[in-house]
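User: I am new to this structure. Please walk me through how to read its features, one at a time.
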Amino acid sequence: MNWLDRLRESLARTRAQLTARLGEIVGAPPAEFFQQLEAALIEGDVGVATTQHILRQLSDRRDARDPAARLAVLREILLDILGAPAPLRLDPPPAAVLMLGVNGAGKTTTIGKLAHHLKTSGRTVLLAAADTFRAGAIDQLAIWAQRAECELVRHAPGADPAAVVYDAAQAVKARGIDVLIADTAGRLHTKTNLMEELKKINRVLTRELPGSPVERLLVLDATTGQNAIAQARVFTEAVGVTGIVLAKLDGSAKGGVVLAVRTALGLPVKFVGLGEGLDDLQPFDPPQFVDALLTA
Amino acid sequence: MFESLQGRLQQIVQRLAGRGVLSEVDVDAALREVRLALLEADVNFKVAKAFVDRVRAAAVGQQVLTHLAPGQQVVKLVYEELVRLLGETTHALRFADQPPTVILLVGLHGAGKTTTAGKLAMRLRNGGRRPLLVATDLRRPAAIVQLQVVGQQAGVLVFSVPEAADPVAVATAAVGEATRTGHDVVIIDSAGRQQIDDELMAELVTMREATSPHQVLLVLDAMTGQEGVNIAQRFDELLRIDGLIVTKLDGDARGGAVLSVVEVTGRPVLFVGVGEKLDGLEPFHPDRMASRILGMGDVLTLIEKAQGAVDAQTAADLDGAETAAGGVHLRRLPCPTAPGPDDGPAGIASGDAPRGGAAERRDGWDGRTRPAPGGGDH
């Protein structure tokens, strides 16, 4: 069974369980219903503050007093927080996508899948191997470039990542390529010097592709808890994050912290990662996400 | 968010100060805030509830000590219970009588297994052992290259089989190779996997059976959220893990998942990973972790100071051959959190509580004055 089938199956189960978990108690006294709901949201990594915010909104809604309407109103509140789907801004070409995140979030794998996704939609893609720090990162990206059948600009390990991005920008302009996707080394947002390095990479990219749309995507591991908020805040302050990729959502984690990130910083989720295959990157689907979140 | 929680907790501690009795109401009020602090730190919902219930039962049943204000005492109990829970099991790496000792590292994608493998190898090499690193991640592109580079940096040989397709066969061959060549520790770096991926989990079970590791260590990202519990339970159920290595502790994650995992598996933390350099593997300190998870460095500082003052006063009293009842002590003691008649709500803020950022809170515990040896009840 492939990942997509698995996801579909698990989402089908999700809907059934949603009815089982919250549906069973939907007619329960408000206190009990709210307790169960609090548990579901916290266990989905939504976080204390955002959970309280959601519960307050729900209890303020007159139409939620009717137990039969509670779940529908709840879904509406969650969807409202997540906002409308936000596709990548890639026109006019050449466009650039800068992939950001802490160590092990899933940047390189996401790039491979995104390259394939864009190729499939008819765009030409060039990858910039600007993670020159982690052992094996350049080779890893090279294999993804091969799989996705796109071009690659690479320097030797330890090279200046900004120089890699500079060369990649020149290559994109010279060859008329639609999208440049730049990998970056994973960095904990608390490392000031590495965040400065990132600003430099971003400056070079913006300067060398004047007038081009630049997406700065923060890759968050769906297993991550509340620290994702700090990550999103610091990366946004440094280079202006334009969207989130929620990676590894094929595990058991719900990734509910993106609700907190959205509430605090207004950042939309643009893609979700569902595995290690070329096709395992999907545009974010808010209703599916909400259903999965409310599942026990 | 966290700041406001801490602020609220201080208010409660203050509100309760000086009453001298630990009533159920006092305990509940303080523990409500403790529970929220734990949840903010990513302690699992159920674990946080169970933990708080346990402390509540112990606190309410306990004879009230008069050294501290009731709210402070509840936080003190919470902290002590956290330290006990995190540190109660022994946590030394065990070596086999008959080498090689086989260590299997397992975990989710991106937890930090390969870097940890390199750090562990370097640590063992520096300790006079001859480790062999084994590359069994045949799935992720260039994972073998990554381990080879890491091994080179650590000065440790890396065993791999070009074009291999079966990770279990590679692991088995590596153990044989180590025996032949006199390597006394084999560190197997496995591919990352989701714990709900039955096929890949079955592969690990086969690898465990084939290599009979002396230690199976779960590599856990300090930033892990609520699912830490399910991840650890599943790995433990299928592989019987012996301990944990917590990675990326050089960030600012509070690390509540560590508490969750220790609570549900009963397994100890052996090491913590800090930084990307290969010397960044350190022994685990339960007290630092407890302080980090609770995040109430300010309150803990004040408690410890009060405790120190109590001890000094007690010593002075004993010197003067004057033993007084505890109740008398309470009124005489210079307790920093018990506001005097003229102290406004700023009593704590204007006192000597550190008001630094996250880093200061996190590290505060290490730098603080500890009670004189033998003076405290630690």
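User: Where is His109(B) found?

Analyst: Helices (H or I, at least four residues) and strands (E, at least two) are DSSP runs, numbered from the N terminus. His109(B) sits in the loop between strand S1 (101-106) and helix H5 (113-126) of chain B. This is a predicted model: local features need pLDDT of at least 70, side-chain atom pairs count only at pLDDT 80 or more, and totals for chains, interfaces and linings use all residues. Residues are numbered from 1 along each chain as its sequence is written, chains are lettered from A and ligands numbered from 1 in the order in which they are written, and side-chain values use heavy atoms, with hydrogens and water left out.

User: Is His109(B) buried or exposed?

Analyst: Buried means under 20% relative accessible area, exposed over 50%, partly exposed in between (1.4 Å probe, protein chains only). His109(B) has 19% relative accessibility, so it counts as buried.

User: Which residues does His109(B) touch?

Analyst: Contact means heavy atoms within 4.5 Å. Not counting residues up to four places away in sequence, His109(B) touches Gly104(A), Asp221(A), Lys248(A) and Glu276(A) in chain A. In chain B, the partners are Gly192(B), Arg193(B) and Gln194(B). A polar atom of the His109(B) side chain lies 3.5 Å from the backbone oxygen of Gly192(B).

User: What about Glu227(B): where does it lie?

Analyst: Glu227(B) is in the loop between strand S5 (215-221) and helix H9 (228-239) of chain B. Its relative accessible area is 7%, so Glu227(B) is buried. Leaving out residues up to four places away in sequence, Glu227(B) touches Glu43(A), Ser252(A), Ala253(A) and Gln195(B).

User: What joins the side chains of Glu227(B) and Ser252(A)?

Analyst: A polar contact is a pair of N or O atoms within 3.5 Å; within protein, one must be able to donate a hydrogen and the other to accept it, and residues adjacent in sequence count only if both atoms are side-chain atoms. Here a polar contact of 2.5 Å joins the two side chains.

User: How many residues does each chain give to the contact between chain B and chain A?

Analyst: Chain B gives 36 residues and chain A gives 43 residues. Buried area is the accessible area (1.4 Å probe) that two parts lose on being put together, summed over both. Between chain B and chain A that area is about 3300 Å², and carbon and sulfur atoms give 54% of it. In chain B, Pro141(B), Met223(B) and Glu276(B) lose the most area to chain A, together 18% of what that side buries.

User: How many polar contacts and salt bridges are there between chain B and chain A?

Analyst: There are 18 residue pairs in polar contact, both residues at pLDDT 80 or more. A few elements of chain B can be named: helix H2 (24-40), helix H3 (45-61) and helix H6 (143-154) each supply at least two residues of the side that touches chain A. Nonpolar means Ala, Val, Leu, Ile, Met, Phe, Trp, Tyr, Cys and Pro; charged means Asp, Glu, Lys and Arg; the others, Gly among them, are polar. That side of chain B divides into 14 nonpolar, 10 polar and 12 charged residues. A salt bridge is a side-chain nitrogen of Lys or Arg within 4 Å of a carboxyl oxygen of Asp or Glu. Four salt bridges are counted between chain B and chain A. One salt bridge pairs the side chains of Glu38(A) and Arg35(B), at 3.6 Å, N to O.

User: Which helices hold Asp28(B) and Arg56(B)?

Analyst: The side chains of Asp28(B) and Arg56(B) form a salt bridge at 2.6 Å, N to O. Asp28(B) lies in helix H2 and Arg56(B) in helix H3 of chain B, so the pair ties together parts that are 28 residues apart in sequence. Asp28(B) is partly exposed at 24% relative accessible area, and Arg56(B) is partly exposed at 27%.

User: What about Arg240(B) and Asp242(B)?

Analyst: Their side chains meet in a salt bridge too, at 3.4 Å, N to O. Arg240(B) is partly exposed, with 45% relative accessible area. Asp242(B) is buried, with 13%. Elsewhere, salt bridges that share partners join Asp28(B), Lys49(B), Asp53(B) and Arg56(B) into one network.

User: Why is helix H11 of chain B largely enclosed?

Analyst: Seven of the nine residues of H11(B), residues 286-294, are buried, so the rest of the structure largely encloses this helix. Among them are Met289(B) and Ile293(B). Just after H11(B), Gly295(B) takes a positive phi of about 65°.
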